[in-house]
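Okay, thanks for coming, everyone. Let me put the structure up and walk you through a few spots.

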Amino acid sequence: MRVLFFWKAKYLGDSGGMEKVLTDFANHIMNWKGQAGIAFYDCNFDNECPFFPLNDQVKLFNMASYLKKSNKAILTFPEKIVREIIRPFNIQKAKGWQYRCEVRKLRFPIESIIKKFMPDIIISMEPKASAVLFDVERIGLSTKLPPVITMFHFSFEYVMDQYQYNNKVDALKKSAYVQVLLQEEEKKIKKLVPEQTHLITISNTVPQYENQADLLVDKLRYKIVNVARLDPRQKRQDI
């Protein structure tokens, strides 16, 4: 089976959780004698390698490089001017304008990647990425879009924010399958999109270690080796 992972975000050189999940997933597909490809959007052409060890047989497709070769920008200067004119009056409409411009530009890279890799299935790393795929299909693809599996790697409320809300809801309806992290999030999607019956809960796995700190022992000195901050909507691992 040929599996294409799709993520409209930076991938090369980054060490975040999504990059780790994406890399591990692609490596497992290769271990199962399948073929894996990763489509992403990364304007930083200096970082040509993923941060985490990736099977060298995994195909990498940078959508930004497709636009660069065809001398196209994801957002032209006049399009940026229009966005900034709209922004003071309605930030959601400004984001919507930018999204529509990006979708039109991404049609060529997505179409080229599908034709080149010929995936049997596409695994989208988030609903926002799935929305891009289905909106590109709507404006016209010369090749058929394979079945799309949409994954939730963050909380339902965080992912389904106001930004391109209707596009993401439509993507959930059209997805061949939807994966969430918690059972309670399944219920939320069923309520939002009752016609989507192909739902599955796959939680994140946490490795268990034999040696663990005894938190009940009194010490004169404590060492904090990792600090994270929680905000009202989502964890911020970069702070």
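So, F77: at 62% relative accessibility, F77 counts as exposed, where exposed means over 50% relative accessible area, buried under 20%, and partly exposed in between (1.4 Å probe, protein chains only). Before I go on, this is a predicted model, where local features need pLDDT of at least 70, side-chain atom pairs count only at pLDDT 80 or more, and totals for chains, interfaces and linings use all residues. Residues are numbered from 1 along each chain as its sequence is written, and side-chain values use heavy atoms, with hydrogens and water left out.

F77 sits in helix α3, residues 77–86.

Now over to helix α5, residues 127–139. How far apart are the end C-alpha atoms of α5? They're 18 Å apart, which agrees with the 18 Å that 13 residues should span at 1.5 Å a residue; the expected span is 1.5 Å times one less than the number of residues. Just after α5, G140 takes a positive phi of about 125°.

And β1 itself? Five of its six residues are buried. β1 runs parallel to strand β2, residues 35–40, with six bridges joining them; pairing takes at least two DSSP bridges. F6 stands opposite A39 in β2.

Notes. Helix = DSSP H or I, 4+ residues; strand = E, 2+ residues; numbered from the N terminus.
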